Each structure stands twice: as C-alpha cells, then as structure tokens.
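This report goes through one protein chain, from its overall make-up to single residues. The sequence and the structure come next, and the description follows them.

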Amino acid sequence: MSSAKPPALPNEKPERRDPPLRRWLNVACRSLHVVGIILLGAALLAGTATTSGALLTAASGLGMLAIDTWRKPAHLAEVSGFGVLAKLPFVALAALIPSASLALFWSIVIVSMVLSHAPAAFRHWRLFVRR
C-alpha cells in the first residue's frame with residue numbers, strides 16, 4: 001500500500017503543513033520584523049547607521065518567508081508570496097544606492113501594507129497557472 005497522496009484536483013486547496021508552535025514562531029518573527037523596520041526607518045530619517053535595523057528586518061523577513069513557504073509551498077506562486085520575492089531587488093537597490101534608500105524604504109513599506117491588508121482572495125490569488 002502506498003502512502004503517497006494522489007495529486008490535488010484543480011479546485012482542491014493545496015497541502016498545508018502545520019508544525020507545533022508555528023503560529024508562535026510566526027508571531028515572534030512578525031514582531032521582530034516590525035521592530036527591525038522601525039529601527040531601519042528611524043536610522044534612515046536620522047542619517048545614522050542602518051545595519052542593525054536592516055539585519056533584523058532581513059533575518060525576521062526571511063524567517064517568515066521560510067515558515068510560510070514550508071507550511072504551504074504554493075505560497076510563492078500566490079500574490080502575497082511572490083510580492084515578498086518582488087520586493088527583494090528593491091531592498092538590494094536601497095543597499096547599493098544609499099541616496100535612494102529612504103524613498104525605496106517608504107515604497108517597500110507601502111507595497112507591504114497593501115499586500116498584507118488586501119482581501120484574502122487577492123493575496124492568495126495564484127499567479128503562473130494556466131486558466
């Protein structure tokens with residue numbers, strides 16, 4: 001007897017994994033992410049070193065992305081998951097072009113707020129699927 005699951009039908013929800021404490025890990029990562037963004041924004045506005053805020057934001061953001069992607073691999077093909085990947089080049093530009101970093105910071109914050117607070121049907125709309 002095979003323990004493999006049959007392929008999902010087009011209307012079925014994709015497989016989701018839910019390890020113990022996943023919710024609390026995600027809450028911790030989100031909390032650290034907000035702290036990192038505040039530190040980064042304050043440093044950009046003050047014209048001081050952005051290293052600690054940038055590192056905390058990057059580490060916590062990658063943690064959230066890893067948790068979400070592990071839980072639901074199809075996440076990266078949805079608007080919300082792809083949006084995270086699409087923001088990364090702008091983060092790199094902010095690091096490479098310091099004179100543009102403040103404008104890029106606010107652009108990324110606005111895009112992030114729209115993606116995280118949009119209706120679920122939009123956030124979870126699957127990109128790259130044949131219709």
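The chain has five helices and zero strands, where helices (H or I, at least four residues) and strands (E, at least two) are DSSP runs, numbered from the N terminus. In sequence order the pattern is α-α-α-α-α. The model is predicted, and local features need pLDDT of at least 70, side-chain atom pairs count only at pLDDT 80 or more, while totals for chains, interfaces and linings use all residues. Residues are numbered from 1 along each chain as its sequence is written, and side-chain values use heavy atoms, with hydrogens and water left out.

**The chain as a whole**

Of the 131 residues in the chain, 27% are buried. Here buried means under 20% relative accessible area, exposed means over 50%, and partly exposed lies in between (1.4 Å probe, protein chains only). The chain exposes about 9,400 Å², and carbon and sulfur atoms supply 71% of that area. Accessible areas come from the Shrake-Rupley method with a 1.4 Å probe; for residues, only the protein chains shown count as cover. Among contacts between residues at least 6 apart in sequence, 62% join residues at least 24 apart; a contact means heavy atoms within 4.5 Å.

**Aromatic pairs and a nonpolar patch**

How many aromatic pairs does a search of the whole structure find? There are two. Rings of Phe, Tyr and Trp (its six-membered ring) pair if their centres lie within 6.5 Å; planes under 30 degrees apart count as stacked, over 60 as edge-to-face and the rest as tilted.

Phe 82 and Phe 128 form an edge-to-face pair, with 5.2 Å from centre to centre and 70° between the planes. This pair links distant parts of the chain: Phe 82 is in helix α3 and Phe 128 is in the segment after α5 (120-123), 46 residues apart. Phe 105 and Trp 106 have ring centres 5.1 Å apart and planes at 75°, so this pair is edge-to-face.

The table gives the accessibility of the residues in these pairs.

| Residue | Relative accessible area | Class |
|---|---|---|
| Phe 82 | 35% | partly exposed |
| Phe 128 | 65% | exposed |
| Phe 105 | 10% | buried |
| Trp 106 | 43% | partly exposed |

Phe 82 and Phe 128 also belong to a nonpolar patch on the surface, together with Leu 85, Leu 88 and Val 91. The accessible area of the patch is about 460 Å². Patches are made of residues with over 30% relative accessible area and no salt bridge: like charges are joined within 9 Å, nonpolar side chains (Val, Leu, Ile, Met, Phe, Trp, Tyr) within 5 Å. Leu 85 is in helix α3 (residues 79-96). With a relative accessible area of 33%, Leu 85 is partly exposed.

**Charged residues**

The count of salt bridges comes to one, a salt bridge being a side-chain nitrogen of Lys or Arg within 4 Å of a carboxyl oxygen of Asp or Glu. Lys 72 forms this bridge with Glu 78, and their closest N and O atoms are 2.4 Å apart. Both Lys 72 and Glu 78 are buried.

Lys 87, in helix α3, is buried yet has no salt bridge. Asp 68 is the nearest side chain of opposite charge, 10 Å away; Lys and Arg count as positive and Asp and Glu as negative, while His and the chain ends are not counted. Apart from neighbours within four places in sequence, Lys 87 is in contact with Ile 108, Val 111 and Ser 112.

**Other positions in the helices**

Val 84 is placed in helix α3 and is partly exposed, at 27% relative accessible area.

Ser 80 is in helix α3 and counts as buried at 14% relative accessibility. Which residues does Ser 80 touch, not counting residues up to four places away in sequence? They are His 75, Arg 123 and His 124. From Ser 80 to Val 114 the C-alpha distance is 9.9 Å, and the two are 34 residues apart in sequence.

Gly 61 is in helix α2 (residues 51-71) and is buried, with a relative accessible area of 16%. Gly 61 and Arg 30 are 31 residues apart along the chain, and their C-alpha atoms are separated by 7.7 Å.
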